[in-house]
Amino acid sequence: MTSEPPPRAARGFAMVPPGSSPGDPVKPEGAGVVGASGAAERDGAAEPDGAAGAAGRNGAAEPDGAAGAAGPDAQSEGGTQEDARSGILPEDALIDLEAERTNSAMDEILDRLDGELVGLVPVKARIREIASLLLVDKMRRRFGLDSERPSLHMCFTGSPGTGKTTVALRMAELLSRLGYLPKGHLVSVTRDDLVGQYIGHTAPKTREVLKRAMGGVLFIDEAYYLYRAENERDYGQESIEILLQVMENERDNLVVILAGYKDRMDTFFQANPGMGSRIAHHIDFPDYTEDELMRIAHLMLAGQGYEFSPEAEKAFGEYLRLRRAQPRFANARSVRNALERARLRQAGRLVSGATQQLSKSDLVRIEADDIRRSRVFGEEAPDLGAPA
């Protein structure tokens, strides 16, 4: 008598990335890509839920044989054998908060954010609150206290150069370390990356971006340009509809952060209420003060091995007061541009000067003349792009 063939193993269901057919194999993302902001997008490998939940958080699971040999009477105080196997802590267990913070690297990431960005106290406080909520939810799950996963889609509003992309990058890393996203990468895009130029072009472009961002954070800068009410033939609305669907259906696998000027984002949400209803966290990034901009300048110079002379520091303070009153001032971005021009002038001064013997101090020091030669100090009309 022929024996029956063994039953086929049950097949699970894998998420099909946008733009793929159900029959296509699901392949892992590449080693990394670089977003429009220039920040590296790091695709970390995601652990399976079982391994991460049982082994990573609650200790190594006992083999089935060992559990069976122990018998039903082998119980931890206040818990059961089933609790141990499922990874649920007993009622009277205690969680080491310090260990949880260390394992998630929450404090490390937040401290790095503090070091990277000057000021922005309300922004950093809000990010810390979000991180604390996610850490507490993670600990609650260890006791079997299931609550609805918090919505994590966000909107960052503020002027250019206020650190929105940097905060988004750290948020992606934080969500990954806390177990809310399988990867810690950031994909930064604008309208041009999402919207096509002809019929049938927008959907593939949007889905390709979503495929790259899946498992991480999608950062859409100047998101209000997706919607152009004055142009009935604009294809941006098609991209918005795809984004809405994915933001709802793939909440466990993707966080979307929209960014731009506050007034324009408010108009965008009024015209697209479905998008506004999916955004849980609205964080406003204030402009930097003059003192904060000077601190940013010192950090940028130190990072590149330069420093102001006392006269140059005074000149740069005057530069900031004049430049802030001109159009298109971009906070830290404008500071960076001004320092790049100052370095150019310093190099020209040293190379064309009469002195042939240069010391380390000569190569490091930015002088007042390197600052005051900017057009910002002149009487001519200011350059509306990025005055030097």
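Predicted model: local features only at pLDDT ≥ 70, side-chain atom pairs only at ≥ 80, totals over all residues.

Colleague: Between which helices is the loop that holds arginine 328?

Modeller: Residues are numbered from 1 along each chain as its sequence is written, and side-chain values use heavy atoms, leaving out hydrogens and water. Helices are DSSP runs of H or I with at least four residues, strands are E runs with at least two, and both are numbered from the N terminus. On that numbering, the loop with arginine 328 is the one between helix 14 and helix 15.

Colleague: Does arginine 328 count as buried or exposed?

Modeller: Buried means under 20% relative accessible area, exposed over 50%, and partly exposed in between, with a 1.4 Å probe and protein chains only. The relative accessibility of arginine 328 is 63%, so the residue counts as exposed.

Colleague: What is the phi of glutamate 222?

Modeller: Glutamate 222 is in the loop that links strand 5 (217-221) and helix 10 (236-249). Its relative accessibility is 31%, so glutamate 222 counts as partly exposed. Arginine 328 is not a glycine but has a positive phi of about 60 degrees. Glutamate 222 is not a glycine either, and its phi is positive, about 50 degrees.

Colleague: Let's turn to helix 13. Which elements are included in what covers its buried residues?

Modeller: Helix 13 covers residues 290-303 and reaches 20 Å between its end C-alpha atoms. Its buried residues are Glu292, Leu293, Met294, Ile296, Ala297 and Leu301. Contact means heavy atoms within 4.5 Å. The cover over the buried residues of helix 13 includes strand 8 (307-308), helix 14 (310-324), helix 15 (332-352) and strand 9 (365-366).

Colleague: At what angle do helix 13 and helix 15 pack, and how does that classify them?

Modeller: Axes are lines fitted to C-alpha atoms, for helices over the stretch in contact, and angles run from 0 to 180 degrees between N-to-C directions. Under 35 degrees counts as roughly parallel, over 145 as roughly antiparallel, 65 to 115 as roughly perpendicular, and the rest as oblique. The two axes are 10 Å apart, and helix 13 packs against helix 15 at about 50 degrees. That angle makes the arrangement of helix 13 to helix 15 oblique.

Colleague: How many nonpolar, polar and charged residues are in the contact of helix 13 with helix 15?

Modeller: Helix 13 brings Leu293, Ile296, Ala297, Met300 and Leu301, while helix 15 brings Ala332, Val335, Arg336 and Leu339. Ala, Val, Leu, Ile, Met, Phe, Trp, Tyr, Cys and Pro count as nonpolar, Asp, Glu, Lys and Arg as charged, and the others, Gly among them, as polar. Sorted this way, the contact of helix 13 with helix 15 has 8 nonpolar, no polar and 1 charged.

Colleague: And glutamate 100: is it buried or exposed?

Modeller: Glutamate 100 belongs to helix 4 (residues 97-104). Leaving aside residues up to four places away in sequence, it touches Ile95, Leu135, Lys138, Met139 and Arg142. Its relative accessibility is 8%, so glutamate 100 counts as buried.

Colleague: How far apart in space are glutamate 100 and lysine 138, C-alpha to C-alpha?

Modeller: Helix 4 and helix 6 (residues 121-142) cross at roughly 115 degrees, with axes that come within 11 Å. The contact joins Leu97, Glu100, Arg101 and Ser104 of helix 4 to Leu135, Lys138, Met139 and Arg142 of helix 6. Those residues divide into 3 nonpolar, 1 polar and 4 charged. Glutamate 100 and lysine 138 are 38 residues apart in sequence, and their C-alpha separation is 9.3 Å.

Colleague: Which glycine follows helix 6?

Modeller: Helix 6 has 22 residues and reaches 32 Å from first C-alpha to last. Its buried residues include Val123, Ile127, Leu134 and Lys138. After helix 6 comes a residue with a positive phi near 80 degrees, glycine 144.

Colleague: Last one: what share of the residues in the protein chain is buried?

Modeller: The protein chain has 17 helices and 9 strands. Among its contacts with a separation of 6 or more, 74% join residues 24 or more positions apart. Of the 388 residues in the protein chain, the buried share is 40%.

Technical notes:
Expected span 1.5 Å × (residues − 1).
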